[in-house]
Structure formats: structure tokens, C-alpha cells
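These are my notebook entries from one sitting with a structure file. I wrote down each thing I looked up and what I found.

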Amino acid sequence: MSNYILSLEISTNLWSIAIKNKFYYVEINNYKKNKEKQIIKIIDYILYISETKLNKINTISFNFGPGSFTGIRLAAIICQNLSLNKKKITRISSIQNIAYETHKKNKYIFISLLSKYNEIYFCIYKHNIKKNI
């Protein structure tokens, strides 16, 4: 059985919806406010252009922070509703994702992100070969 993944990153104004099926990967990026009015249409569209049926999706992932509380909550609600037929939901931290992308070059990774409220989110990771971070 192939792993079909639908991924949502809607916690900021620059948002992304992606799908990976057994043949290819499709991503739609957008920079618009009022994403809540468009998100379901974009999910339908990305399923259509990737020739994937919703019932084939077996994993749905979303960013759980840092980011806009409303955007994170919206992504969680959408994932919950789309997973009614027992799909796996995976939460992904954007900070941990950045660390994962850079861990091959560095033993220690320090990440800081500036929020729109001038708050700084930061984290330090130590690369562990056995655990992969």
C-alpha cells in the first residue's frame, strides 16, 4: 500500500498545502488573508490535479507551531474533519522541521524565529545519529 500524505501549513499569511502520492508531489503556496474561505477549495483542487481521491489519503499532517493560534486551530479542525475515516494525523513543528533540514551539516542547531508581535521563538537541538535529532 502506498503512503498518500496531505500536508497543511496555514499558521501564517504565507501558507502551503501539499500532497504526496505514489507518483509525485504537488504543492500550492499562497499569500492571502482570509484563507479560511479558500482552504477547502484549495484542498479539493490539489486532490483533483494530483488525481488522488480523499479516501486514498492515509496520513494528514499540519504545523502545530509556532504560528498564528487561529491558523493552527483551523488546520487541526480541518485535519480532524478529513480524518473521520480513520486517517493518521501527524503534527509537525516548524522549528523541528528546520532543524531536521540542517542536521546533516551541524552537530548543534540553534533556531530562532521572529513572530509578528516581535516575540522570538527559539530552540536548540543536538544531532543524535541514532534518533535523527
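Entry 1, a pair of strands. I began with S6 and S7, which run antiparallel and are joined by seven bridges. Two strands count as paired if DSSP finds at least two bridges between them. Helices (H or I, at least four residues) and strands (E, at least two) are DSSP runs, numbered from the N terminus. Within this pair, leucine 113 stands opposite tyrosine 121 in S7. The two strands form a hairpin with five residues between them, and asparagine 118 takes a positive phi near 60° there. I noted the ranges too: S6 covers 108–114 and S7 covers 120–126, with asparagine 118 in the loop between them.

The model is predicted, with local features needing pLDDT of at least 70 and side-chain atom pairs counting only at pLDDT 80 or more, while totals for chains, interfaces and linings use all residues. Residues are numbered from 1 along each chain as its sequence is written, and side-chain values use heavy atoms, with hydrogens and water left out.

Entry 3, the whole chain. I listed three helices and seven strands in the protein chain. Their order along the sequence is β-β-β-α-β-α-β-α-β-β. The C-alpha trace spans about 40 × 35 × 25 Å along its principal axes. Of the 133 residues, 37% are buried. Buried means under 20% relative accessible area, exposed over 50%, and partly exposed in between (1.4 Å probe, protein chains only). I also looked at contacts, meaning heavy atoms within 4.5 Å. Among contacts with a separation of 6 or more, 50% are between residues 24 or more positions apart.

S1 and S2 pair in the antiparallel sense over five bridges. They form a hairpin with four residues between them. As one example of a bridge, isoleucine 5 has lysine 20 in S2 as its partner. S2 also runs antiparallel to S3, and seven bridges join these two. A hairpin of four residues connects S2 to S3. Here leucine 14 has tyrosine 31 in S3 as its bridge partner. Why is S2 described as largely enclosed by the rest of the structure? Five of its seven residues are buried, so S2 is given that description.

A nonpolar core is a set of buried Ala, Val, Leu, Ile, Met, Phe, Trp, Tyr and Cys residues joined through side-chain atoms within 4.5 Å. Which members of the largest core touch the most other members? They are Leu6, Ile17 and Ile43, out of 22 residues. Strands S1 (5–9), S2 (14–20), S3 (25–31) and S4 (59–63), together with helices H1 (39–49) and H2 (69–82), each give two or more residues to this core. A second, separate core has five residues, including Ile95, Ala99, Ile109 and Ile111. I then went back to leucine 6 and looked up its contacts, not counting residues up to four places away in sequence. Among them are Ile17, Ile43, Ile57, Ile60 and Leu82.

I searched the whole structure for disulfides (a pair of cysteine sulfur atoms within 2.5 Å) and found zero. Cysteine 79 is buried, at a relative accessible area of 0%. Cysteine 123 is partly exposed, at 23%.

Most residues other than glycine have a negative phi, and most peptide bonds are trans. Glutamate 51 has a positive phi, near 55°. This glutamate is found in the loop between H1 and S4, and with a relative accessible area of 70% it is exposed. Asparagine 118, from the first entry, counts as exposed at 64% relative accessibility. Where is the cis peptide bond that I noted? It runs from glycine 65 to proline 66, with omega near -10°. Proline 66 is in the loop between S4 and H2.

The charged end of arginine 91 sits over the ring of phenylalanine 64, at 4.3 Å from the ring centre. The rule for this is NZ of Lys or CZ of Arg within 6 Å of the ring centre and within 35 degrees of the ring normal.
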